[in-house]
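Dear colleague,

I am passing on the structure we talked about, together with some notes on it. Please look through it alongside the text below.

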Amino acid sequence: MAKITFIASDGTTYNVEAENGSTVMENAIRNAVPGIEAECGGACACATCHVYVDEAWTDVVGEPEAMEEDMLDFAYDVRPNSRLSCQIKVRDALDGLVVRVPERQG
Ligand code: FES
């Protein structure tokens, strides 16, 4: 289990309990976090689950793989800490993770 904090573009925070093995995107959808659309359902094929990983967490979360990197080219306002949340698997080490939701997707 890991606690994840989503910060929506209007500053509202959503604290969720996430199970290991689920993805950050699935937890956003399950908890109705606004701004995560996840149109492809987690197949790394839409880039509408884009989030910004808090700077304190980028090393722990790690870098995107090549396929995700390519898909991120389609995301809006991509930054060095951008990730597709469907490609981040929850694990104990991510307990306390903070991610920000961009002001829009795609
Ligand atoms: S849900 Fe489509 S790329 Fe993440």
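The notes below go through the strands, then the salt bridges, then the charged surface.

This is a predicted model, in which local features need pLDDT of at least 70 and side-chain atom pairs count only at pLDDT 80 or more, while totals for chains, interfaces and linings use all residues. Residues are numbered from 1 along each chain as its sequence is written, and side-chain values use heavy atoms, with hydrogens and water left out.

Strand β1 covers residues 2–7, and five of its six residues are buried; here strands are DSSP runs of E of at least two residues and helices are runs of H or I of at least four, numbered from the N terminus, while buried means under 20% relative accessible area, exposed over 50%, and partly exposed in between (1.4 Å probe, protein chains only). β1 pairs with β2 (residues 13–18) in the antiparallel sense over six bridges, where pairing requires that DSSP finds at least two bridges between the strands. A2 has A18 of β2 as its bridge partner, and the hairpin formed by β1 and β2 has five residues between the strands, with G11 in the turn showing a positive phi of about 95 degrees. β1 also runs parallel to β5 (residues 97–100), to which four bridges join it, and there the bridge partner of I4 is L97.

A salt bridge is counted when a side-chain nitrogen of Lys or Arg is within 4 Å of a carboxyl oxygen of Asp or Glu, and by this rule the count comes to four. One of them joins K3 and E17, whose closest N and O atoms are 3.5 Å apart. Because K3 lies in strand β1 and E17 in strand β2, this pair ties together parts that are 14 residues apart in sequence. Another is formed by D54 and R100, at 3.0 Å from N to O, and this pair links distant parts of the chain, with D54 in the loop between β3 and α2 (58–61) and R100 in strand β5, 46 residues apart. D54 counts as buried at 16% relative accessibility, whereas R100 counts as partly exposed at 34%.

On the surface, D59, E63, E69, D70 and D73 gather in a patch of negative charge, a patch being made of residues with over 30% relative accessible area and no salt bridge, with like charges joined within 9 Å. D73 is found in the loop between α3 (66–72) and β4 (82–84), and D73 is exposed, with a relative accessible area of 63%.

With best wishes

Definitions and conventions: Patches are made of residues with over 30% relative accessible area and no salt bridge: like charges are joined within 9 Å, nonpolar side chains (Val, Leu, Ile, Met, Phe, Trp, Tyr) within 5 Å. Accessible areas come from the Shrake-Rupley method with a 1.4 Å probe; for residues, only the protein chains shown count as cover. Lys and Arg count as positive and Asp and Glu as negative; His and the chain ends are not counted. The place of a charge is taken as NZ of Lys, CZ of Arg, CG of Asp or CD of Glu.
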